[in-house]
Amino acid sequence: MINNTKNKVIIDHSHHIIYIILLFGLLIISIFLTSPSNTPSFFPLQLSLFNPSKQINERVYYKDDLERALVGASTENKTVIITIVNKAYVEGDKAMLDLFLDGFWHGEGTRELVNHLLIVAMDQTSYERCKFLHLHCYKLETDGVDFGGEKLFMSQDFIKMMWRRTLFLSDVLKRGYNFIFTDTDVLWLRNPFPNLYSNQTIDLQISTDKFNGSQENPINTGFYMINSNTKTIALLDAWYAGKDKAIGWKEQDVLIKLMKDGMFKQLELNVRFLDTLYFSGFCDDSKDVNVVATVHANCCRSISAKLADLIVVLHDWRRFKNANQTSTLYGWTQHVNCWDSWKN
């Protein structure tokens, strides 16, 4: 009789436990069905149960696609690395974009920088390629102008594309973002930030074709870092406005003229010209591979020539790293393809 009573108590307790489990299960299911997402996730569910102030899958609303892309790529201090590509830079046996990314892979302290890289695509093909690579991507609207194919240096289409780029970058500044602009034909062999001033006192840090230490260096707009403020926004407004008065000039030529005409001083811009020892190019090779951060395929006319010689640069870099050389006498292979590109 006692045993029967004990068994009945145990059975009753078992029923209570089963009922509790079923009720808990129904509670979870009801929360899941009423949540804004149909994707089950343990941790958001846990937060909603024990901390009701937390919202499941909290949504952020952006002004537009560009704002979404900038937020995704920016650092905490709203700095973004920006490069611009078109179809010609993403197609071929070895595309320029792929080589550009190879530089980040083989560089020193550069891999994590890709998290802050925004690829701006000027056509659908380059945009799709960017998305396929799972990068931060933005498709730039070009008002029906075809910027898809290769634009030879100083051709009319090349000049139009450079001005469209300038207008876009002005928009980025006006949204409060600082940025490094880099051409896609720049190999990042080392993290350049240690060689760039990160404080807000320097408005513009810009690369040069040849560094002479003066205030009239031959600047190159293929690589520069700029802070967003009223002075730099005014500079880019004046820069873009100059396009209609300089028919046949590329945007770099107009910026050089503004500099020589005293625009930098007029705006009280603090400008730093980057030494080719650290930020080099084919116009003026770095004399020390131990410190060089970037190599730009400037002074070169065609994409095919740039590709061929940049591949050689990357081979030189990898050979240097594998040999653990520390000599400043280590030299670069000559950029034969780029020199020859001017003969055609």
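**Exercise 1.** In this predicted model, determine how α4 passes α10 and which residues make the contact.

Solution. 
- Step 1. The crossing of α4 with α10 is left-handed.
- Step 2. On the side of α4, the contact is made by Met96, Leu99, Asp102, Gly103 and His106. On the side of α10, the residues are Ile303, Lys306, Leu307, Leu310, Ile311, Leu314, Trp317, Arg318 and Lys321.
- Step 3. Sorted by class, this contact has 8 nonpolar, 2 polar and 4 charged residues.
- Step 4. Helix α4 covers residues 96-106 and helix α10 covers residues 303-323; their axes lie 10 Å apart, at an angle of about 15°.
- Step 5. Angles under 35 degrees count as roughly parallel, so α4 is roughly parallel to α10.

**Exercise 2.** Find the angle at which the axes of α7 and α8 cross, and describe the contact of these helices.

Solution. 
- Step 1. Helix α7 is made of residues 230-241 and helix α8 of residues 251-260.
- Step 2. Their axes come within 9 Å and cross at roughly 120°.
- Step 3. The two helices are therefore oblique to each other.
- Step 4. α7 and α8 have a right-handed crossing.
- Step 5. Leu235, Ala238 and Trp239 of α7 meet Glu251, Val254, Leu255 and Leu258 of α8.
- Step 6. By class, the contact of α7 with α8 holds 6 nonpolar residues, no polar ones and 1 charged.

**Exercise 3.** How many cavities of 30 Å³ or more does a search of the whole structure find, and which residues line the largest cavity?

Solution. 
- Step 1. The search finds 1 cavity of 30 Å³ or more.
- Step 2. The space in the largest cavity is about 50 Å³.
- Step 3. Its lining consists of Val186, Ser207, Thr208, Phe223, Phe279, Ser280, Thr294, His296 and Asn298.
- Step 4. At least two lining residues come from each of the strands β6 (204-208), β9 (279-281) and β10 (294-296).
- Step 5. The lining divides into 3 nonpolar and 6 polar residues, with no charged ones.

Technical notes
Residues are numbered from 1 along each chain as its sequence is written. This is a predicted model: local features need pLDDT of at least 70, side-chain atom pairs count only at pLDDT 80 or more; totals for chains, interfaces and linings use all residues. Side-chain values use heavy atoms; hydrogens and water are left out. On a 1 Å grid over the protein atoms alone, a cavity is a set of points where a 1.4 Å probe fits but cannot get out, and a pocket is an open set with protein on both sides within 12 Å along at least five of seven lines; lining residues have an atom within 4 Å of a point. Grid points are joined across faces, edges and corners, and a volume is the space filled by probe spheres set on the points. Helices (H or I, at least four residues) and strands (E, at least two) are DSSP runs, numbered from the N terminus. Ala, Val, Leu, Ile, Met, Phe, Trp, Tyr, Cys and Pro count as nonpolar, Asp, Glu, Lys and Arg as charged, and the others, Gly among them, as polar. Axes are lines fitted to C-alpha atoms, for helices over the stretch in contact, and angles run from 0 to 180 degrees between N-to-C directions. Angles under 35 degrees count as roughly parallel, over 145 as roughly antiparallel, 65 to 115 as roughly perpendicular and the rest as oblique. A crossing is left-handed if the near helix is turned anticlockwise from the far one by less than a right angle, and right-handed if clockwise. Contact means heavy atoms within 4.5 Å.
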